[in-house]
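Visitor: Please show me the chain. I have some questions about how its parts pack.

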Amino acid sequence: ESKHISADHLTQFMISALMAKGMPQANAATLAQVLVWADLRGVSSHGMARLSMYLRIIADGDMDPAATPVIDSRAGALFIVEGNRCAGPVAMKLALEEAGKRARAFGVSTAIISGTTHTGAIGRYAHAAAEQGFAAIMLNSGPPNMAYHGARVKSLATSPVAMGVPSMEGPLVLDMATAIIANGRLQQAVRSGEPIPAGCALTKAGEPTTNAEEAEILLPLGGPKGSGISFMFECLTGVLATNPILASMIGPGGKRRHEHNAMLILIDVAAMRPMEDFKRDMSELSGIVRALPRLDPEVAIMLPGERGAKAFARRSREGIPLSPKTLAGLLEIAEKAGVAAPALS
């Protein structure tokens with residue numbers, strides 16, 4: 001029988017599980033809300049399925065659940081958020097708030113977020129920025145799980161990029177990884193037992209595979225294009241912030257750790273032109289694209305993030321679907337953490 005859980009019940013369950021591991025309530029709420037947002041958008045690879053990962057990296061010592069990120073101001077609109085191994089969404093919340101203030105003052109602001117853990121679906125932050133009237137660009141880098149083009153070993157992160165702008169219909173957001181398939185999608189395939197498309201991944205030995213359980217090394221989107229983009233994201237985040245990840249892990253004597261860096265750029269749209277004019281032009285552009293002649297008359301042309309927006313509306317009404325395996329995982333977390341099991345619809 002199909003099971004569903006409301007966003008509120010799922011959020012409260014996650015907060016309880018994280019607090020049981022020493023995370024302050026406010027920070028636990030920030031992390032839980034980012035994960036639930038992904039589930040509501042249909043991005044289940046970055047939703048409740050990630051809770052066990054966060055609990056594991058707390059247990060491993062890679063995340064300090066009680067850590068507090070701090071702002072290190074540089075020049076005017078430029079600053080660094082030192083994560084101190086905190087939960088990624090906690091550092092990102094602080095970065096968004098500070099970048100918003102500086103973008104209002106200077107018209108633009110750039111933040112580098114250094115030394116955090118997994119930040120969740122980065123589209124969430126571009127979406128939140130667009131809701132406040134900003135055009136946003138966010139880049140992320142992390143531990144290697146993808147091959148550099150031409151290599152057969154883990155040598156790059158599947159570094160995602162998210163971009164968002166305001167529109168009359170709400171934020172329009174693109175969120176994509178630099179791998180052919182994101183690591184979260186691979187883990188979904190492992191859990192479901194489904195194969196992955198050919199040309200997406202290599203085994204530990206560096207051989208092509210469609211078996212999700214054997215896939216250990218993801219391949220870059222567009223070959224040299226995807227690997228080049230991911231490489232530059234490492235340069236623009238970790239290297240710029242004096243916290244390189246890849247060199248310390250794939251170089252001689254390198255040791256793997258769970259750590260992420262990011263860059264956030266906000267542009268105050270109203271500082272460039274009247275907001276209503278911008279939204280009007282966005283509406284016109286969106287309409288033109290949706291009305292383009294279709295390859296398949298039965299398949300609508302969709303804008304970035306449109307599918308997720310529709311899923312959000314539907315799941316907000318009906319609840320978030322739970323597979324038997326996902327539910328079993330949540331119940332196991334509840335038992336280990338000593339918290340109440342999630343309330344289902």
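Visitor: In which crossing, left-handed or right-handed, does α1 pass α12?

Guide: This is a predicted model, where local features need pLDDT of at least 70, side-chain atom pairs count only at pLDDT 80 or more, and totals for chains, interfaces and linings use all residues. Residues are numbered from 1 along each chain as its sequence is written, and side-chain values use heavy atoms, with hydrogens and water left out. A crossing is left-handed if the near helix is turned anticlockwise from the far one by less than a right angle, and right-handed if clockwise. For α1 and α12 the crossing is left-handed.

Visitor: At what angle do helix α1 and helix α12 pack?

Guide: Helices (H or I, at least four residues) and strands (E, at least two) are DSSP runs, numbered from the N terminus. Axes are lines fitted to C-alpha atoms, for helices over the stretch in contact, and angles run from 0 to 180 degrees between N-to-C directions. Helix α1 covers residues 7-19 and helix α12 residues 324-337; their axes lie 10 Å apart, at an angle of about 35°.

Visitor: Which residues of α12 make the contact with α1?

Guide: Contact means heavy atoms within 4.5 Å. From α1 come Leu10, Phe13 and Ala17. Their counterparts in α12 are Leu330, Ile333, Ala334 and Ala337.

Visitor: Is Met19 buried or exposed, or in between?

Guide: Met19 belongs to helix α1. Buried means under 20% relative accessible area, exposed over 50%, and partly exposed in between (1.4 Å probe, protein chains only). Met19 has 38%, so Met19 is partly exposed.

Visitor: What is the order of the strands in the open sheet of seven strands?

Guide: Two strands pair if DSSP finds at least two bridges between them. The pairing here is mixed. The order is β2-β3-β4-β13-β5-β8-β9.

Visitor: Which strands stand at the edges of the sheet?

Guide: Look for strands with a single partner. One side of each is then left without a neighbour in the sheet. That makes the edge strands β2 (70-73) and β9 (172-176).

Visitor: Over how many bridges do β3 and β4 pair?

Guide: Strand β3 spans residues 78-82 and strand β4 residues 108-116. Leu78 stands opposite Thr110 in β4. The two strands run in the parallel sense, and the bridges number five.

Visitor: Which helix runs at about 95° to β5?

Guide: The helix covers residues 224-239. It lies across β4, β5, β8 (161-165) and β13. The helix is α7.
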